[in-house]
Amino acid sequence: MHRKALSVPSSSITQKFHTVDVRGVQTRYFDDGQDKDPILLIHGGHFGFFIPVGIESWGNVLEDFGEYGRVLAVDKLGQGETGLPLNDEDWTVDAVAEHVANFATQLGLKNLTLVGHSRGGMTAVLLALKYPEMVKKLVIISSATAAPAPPVGTDMDFYERVERTAPGGSAELIRHYHAAQAVNEGDLPEDYIGIATKWLESEKQLDAVAGYARNAEEHWLPSLSEGRRWVQERLADAGIPVPTLVVWGVNDRSAPVSMGKGLFDLIAANTLDSSLYLINNAGHHVFSDQREKFNAAVGAFISL
């Protein structure tokens, strides 16, 4: 049977999307509204990235995780349908994390289980280290950004190769990117391609690309380097103050599994309540490649 990579949220799910003003930034989020401890999903990518990413990238997770808690997901600063930073100084890793922290505070969220994927994993780690009183548990998924740097090249080498070899046309670019990442996902559904194409061709994406070009050297890249240095030092000195699960696809092409092992070794040295779960025949979007195994592993951790 031919598998689909993602399942775009059903009409009953899309009714649970909302918008809130977070310190002047219109912020889109998903909330299933259950009376349970909250699980906050933080997607990957960053503003100005050549492939726009938002809440929809979580696919079935939005519905699947309802078994384990109140599911929320937020479009990060400048991504999905959330507004761009209000000034150039906020094109930083810290501003992205602060935006999520302010969002959680505004909604009165406590006892959070943070689930961060890829770049969103770095955001989740920063929040757990800076605001441990807000966080109950932490799940880091395939986050090269949070991991020690690779011995050769950078964690962006994969994406630069994908962008260089991309075909023309928005839909073709989106298919090309997901094909480069997919291991067991299958084809993207056309409705997801439609959503991503709309974002890619939007005025906001043009503004995001221009803003990133304007701020990368002065703000974004230095903040990324400094954020990684700070996180690595904190992990080496004291670990993470909340129970932590690291999940990685063994066949991840953009964030090799060796980086996941390196990150876990760093965490585990000073975080007694920590676990590593590797899933075979899975790539960067491990929750789509191996939906059942991913749900079982993370669901068990959340339910403990």
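Ser223 sits in helix α8, residues 203-238. The model is predicted, and local features need pLDDT of at least 70, side-chain atom pairs pLDDT 80 or more, while totals for chains, interfaces and linings use all residues. Residues are numbered from 1 along each chain as its sequence is written, and side-chain values use heavy atoms, without hydrogens and water. Helices are DSSP runs of H or I with at least four residues, numbered from the N terminus.

Ser223 is buried, at a relative accessible area of 14% (buried means under 20%, with a 1.4 Å probe and protein chains only). Leaving aside residues up to four places away in sequence, Ser223 touches Trp91, Thr92 and Val93; contact means heavy atoms within 4.5 Å. A polar atom of the Ser223 side chain lies 2.9 Å from the backbone nitrogen of Val93.

Helix α8 also packs against helix α4 (residues 119-130), at an angle of about 55 degrees and with the axes 11 Å apart. Axes are lines fitted to C-alpha atoms over the stretch in contact, and angles run from 0 to 180 degrees between N-to-C directions. The contact involves Arg119, Met122, Val125, Leu126, Leu129 and Lys130 of α4. From α8 come Trp220, Leu224, Gly227, Arg228, Trp230, Val231 and Arg234.

A further helix pair is α6 (residues 170-181) and α7 (residues 190-200). Their packing angle is about 115 degrees, with axes 9 Å apart. In α6, Ser170, Ala171, Leu173, Ile174, Arg175 and His178 meet Glu190, Tyr192, Ile193, Ala196, Thr197 and Leu200 of α7.

Conventions
Helix = DSSP H or I, 4+ residues; strand = E, 2+ residues; numbered from the N terminus. Buried < 20%, exposed > 50% of the residue type's maximum accessible area, 1.4 Å probe, protein only. Polar contact = N/O pair within 3.5 Å; in protein donor to acceptor, adjacent residues only side chain to side chain.
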